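Here is a short report for a first look at this model. Keep the structure in view as you read.

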Amino acid sequence: MIYKDPVCGMNVDSASGIHAHVHGQDFYFCCQHCKEKFLRQNKSSTPISAQHAPVLKFHETYGCPMHPEIHQNHPGDCPQCGMPLESLSINGDEDHEKKLLKILSRKFWLGLVLTLPVLVLAMTELLPWMQLALATAVVLFSGGFLFTKAWQSLVNKSLNMFTLIALGVGVAYVDSLIAVMFPDIFPSSMKARGQVNLYFEAACVITVLVVLGQLLEAKARSRTGQAIKALLGLAAKNAHRMKDSLEEDVPIDQIQKGDLLRVKPGEKIPTDGVIVDGRSAVDESMISGEPMPVAKTVGDQVIGATVNQTGSFVMQAQRVGRETLLAQIVEMVARAQRSRAPIQKLADKVSGYFVPVVIAISMITFFMWMLLGPQPHLAYAMVNAIAVLIIACPCALGLATPMSVMVGVGRGAQMGVLIKNAEAIEKAQNITHVLTDKTGTLTTGKPTVTALKSVQNFSDDQLISMAASLEAHSEHPLAKAVVDYAQSKGITVSSINNFVSVTGAGIQAQCNGQDVLLGKADFFKDKGIILPDDLQQQAIEWQNKAQTVVWVGLDKKAVGIIAMADPIKPTTPSAVRDLHQMGLKVVMLTGDNQTTASAIAKELGLDEVYAQLKPQDKMEIIKRYKTQGAKVLMAGDGINDAPALAEAQVGVAMGTGTDVAIESAGMTLVKGDINGIVKALYLSKAVMRNIKQNLFFSFIYNFLGVPIAAGVLYPVFGILLSPMIAGAAMSFSSVSVIGNALRLNRWKLTAENFLEERHKGGD
């Protein structure tokens with residue numbers, strides 16, 4: 001039987017898990033640490049809920065992100081490209097991910113430790129048997145799985161990068177093995193200072209670098225599930241269910257449609273439903289992305305995982321489990337994340353032609369020297385055939401992409417652009433449309449006081465003092481803006497009595513013996529307070545400029561108004577201009593109202609604006625752009641943006657935003673302003689051009705050296721390309737690749753460079 005560890009959530013087999021019997025129930029844990037933590041948290045005699053009951057074991061479905069047609073019910077490698085298959089379920093197989101990371105980490109560190117003495121011994125040309133022993137451990141233990149992948153590529157008739165890597169490592173190792181064990185079969189012309197050249201260090205270095213690349217890829221794949229885990233963690237764990245006039249606490253998974261649930265102040269709403277009694281304000285920022293709480297009363301819909309603010313209410317559950325909006329968002333993110341194209345696709349495509357050609361040339365070389373070469377035929381044939389394979393060894397090919405990506409990612413970090421994976425770099429170079437959220441992305445996400453207006457004989461300082469005195473006792477986002485403004489001006493805040501909050505309308509209290517009101521215009525009208533014409537006219541003007549207006553009253557008279565707004569970030573206008581200069585369309589997607597959205601779009605000169613959107617609306621808009629041939633970059637900072645970030649070709653999250661948005665995105669901007677998008681696009685263009693240059697360097701030496709290694713110069717000039725020279729050429733190609741990649745550290749990422757690259761052909 002399979003149980004779920006109540007601490008970490010891992011699936012545990014009862015036959016091998018650590019058992020504990022608590023309050024009459026059986027629990028199983030993945031490790032002793034989880035068991036001890038659980039026992040500490042459950043010392044009371046209160047029965048533990050059934051949420052930790054056994055879970056049914058199910059078959060995971062695994063697929064290849066590069067070849068969607070590949071599916072199987074167990075972990076493994078793709079038979080076409082050799083990449084590890086990924087779990088396609090929402091929860092994923094964490095055990096397999098952790099095991100893979102642990103194995104690759106062990107292989108890498110052991111290989112690195114053993115490779116260092118091999119490099120030292122190779123430089124001194126001492127202790128060949130010691131080099132053999134160390135290299136054998138590195139190649140067979142650390143790199144054994146590479147040969148397995150290569151063998152699978154041959155069996156499946158789908159030659160790929162692992163075919164080349166295993167071929168290069170294998171030839172370098174076997175040639176050196178023969179040289180150590182049977183040095184006399186090599187002709188004297190193939191020896192240096194009486195010794196046959198060894199290539200153990202090449203075999204070891206290639207192995208360690210490739211294993212490192214596999215380890216980094218595995219870590220990146222494991223992080224793709226963090227967005228799902230973060231979203232699932234938002235849901236409430238328990239609910240107050242009302243039954244027969246009694247209230248009981250039950251786990252969230254026991255809620256049924258039609259159940260009546262009480263939601264208290266500060267609690268998460270347990271599931272989607274409708275309010276049947278009471279009223280409150282609900283923080284729906286995780287869904288709408290907007291900071292303002294929404295007033296709710298009888299008959300209004302509420303969404304699971306959003307946060308109740310000040311009031312208490314009773315709701316009726318309408319959607320549970322997979323039907324809730326949160327569950328649908330989780331599913332949308334999961335689906336959007338499954339489609340990815342690895343940046344190594346170009347290298348694999350070339351390798352598919354390169355490998356069989358090199359093998360054929362090597363075989364032809366062997367037989368030609370056996371038939372036509374001088375004595376000893378076998379030695380000349382073997383050495384020249386090996387020289388062909390060594391010079392064609394894809395050392396530089398293995399470095400071409402990761403070196404550019406590694407340097408590019410580091411360069412991006414210096415500029416405040418954190419890149420999650422190489423795929424984001426690859427796709428960013430072709431972006432045509434930049435779609436962006438408003439709150440926290442184009443704007444600061446923090447409302448501030450922008451203007452004041454008071455009646456005659458009443459100062460602005462008095463207005464702010466009274467307003468801040470009341471707002472200091474409110475939890476509304478606008479309240480903090482008023483209090484912060486008063487503090488910045490050094491204005492004194494007075495004590496109050498009889499504080500009353502009217503949800504969705506305003507607040508009132510007694511301050512210095514006077515009745516003070518604060519809230520919407522309708523709140524004042526309901527109390528019979530007359531609003532001065534000049535203040536009403538000013539309020540309308542501010543509202544047309546996307547500002548929120550709060551009225552202040554004293555002893556049943558309106559004495560002033562305060563305007564607040566979520567200001568545009570200082571760097572946003574210049575960033576939009578730069579994006580337009582690149583020839584990109586800039587579009588705003590927001591859950592805010594149309595008036596505010598249009599005002600901001602007009603001020604920034606955006607190409608299009610969509611307002612009052614739900615998370616699925618943003619995702620659908622992105623899909624529509626994609627079907628029209630657009631290459632979409634989406635920028636956002638909220639949970640509500642997560643599906644859109646995952647659906648876009650490139651998702652960019654604000655570093656000031658939520659963890660879910662950051663995990664769903666391919667890039668994160670540390671400073672949280674869209675000027676980082678401009679830098680990211682410049683960087684992607686430079687990195688991709690650098691990668692293609694590296695791929696050229698990695699092949700050019702091979703194609704020029706292969707004919708020479710085969711012996712085409714021997715009949716005329718008597719020149720043979722020994723494996724030593726072939727190895728030097730191979731090393732030089734690697735050095736060229738590394739040196740070229742390091743140029744990115746000095747690359748000036750400017751609009752001029754971007755446009756120059758664009759005119760060169762958009763490669």
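## Strand 13 and its partners

G273 stands opposite A317 in strand 18. Strand 13 (residues 272-278) and strand 18 (residues 313-319) run antiparallel and are joined by six bridges. Helices (H or I, at least four residues) and strands (E, at least two) are DSSP runs, numbered from the N terminus. Two strands pair if DSSP finds at least two bridges between them.

Strand 13 is also joined to strand 16, by two bridges, and these two run antiparallel. Here G273 stands opposite V302 in strand 16.

## Basis of the model

This is a predicted model: local features need pLDDT of at least 70, side-chain atom pairs count only at pLDDT 80 or more, and totals for chains, interfaces and linings use all residues. Residues are numbered from 1 along each chain as its sequence is written, and side-chain values use heavy atoms, with hydrogens and water left out.

Seven strands form an open sheet with mixed pairing, in the order 19-31-30-29-20-27-28. Strand 19 (417-419) and strand 28 (608-610) stand at the edges. Each has a single partner strand, so one side of each is left without a neighbour in the sheet. On average, neighbouring strands of this sheet are turned by 20° against each other, direction ignored.

V417 stands opposite L669 in strand 31.

Strand 23 (residues 506-511) pairs with strand 24 (residues 514-519) in the antiparallel sense, over six bridges. I507 has L518 of strand 24 as its bridge partner. The hairpin of these strands has two residues between them, and N512 takes a positive phi near 55° in this hairpin.

Strand 24 is also joined to strand 25 (residues 548-554) by four bridges, and the two run antiparallel. V516 stands opposite L554 in strand 25.

## Nonpolar cores

A nonpolar core is a set of buried Ala, Val, Leu, Ile, Met, Phe, Trp, Tyr and Cys residues joined through side-chain atoms within 4.5 Å. Buried means under 20% relative accessible area, exposed over 50%, and partly exposed in between (1.4 Å probe, protein chains only). The largest core has 48 residues. L579, L606, L633, V652, M667, I677 and L681 have the most contacts inside it. Helix 23 (residues 675-710) gives the most to this core, with 11 residues.

What does V652 touch, not counting residues up to four places away in sequence? V652 touches L633, M634, A635, G636, L645, A665, M667, L669 and I677. Contact means heavy atoms within 4.5 Å. A second, separate core of 29 residues includes L104, A135, A203 and V210.

## Helix 3 against helix 4

Helix 3 (residues 128-142) and helix 4 (residues 144-155) pack at an angle of about 50°, with their axes 4 Å apart. That makes helix 3 oblique to helix 4. Angles under 35 degrees count as roughly parallel, over 145 as roughly antiparallel, 65 to 115 as roughly perpendicular and the rest as oblique.

V139, L140, F141 and S142 of helix 3 make the contact with G144, F145 and F147 of helix 4.

N384 is found in helix 11 (residues 377-391). N384 is buried, at a relative accessible area of 1%. Leaving aside neighbours within four places in sequence, N384 is in contact with T365, W369, A709 and L720.

A305 is not a glycine, yet has a positive phi of about 80°. A305 lies in the loop between strand 16 (301-302) and strand 17 (307-308). Is A305 buried or exposed? A305 is buried, with a relative accessible area of 5%. Q612, a residue other than glycine, has a positive phi near 55°. Q612 is in the loop between strand 28 and helix 20 (615-627), and counts as exposed at 56% relative accessibility.

How values were computed: Axes are lines fitted to C-alpha atoms, for helices over the stretch in contact, and angles run from 0 to 180 degrees between N-to-C directions.
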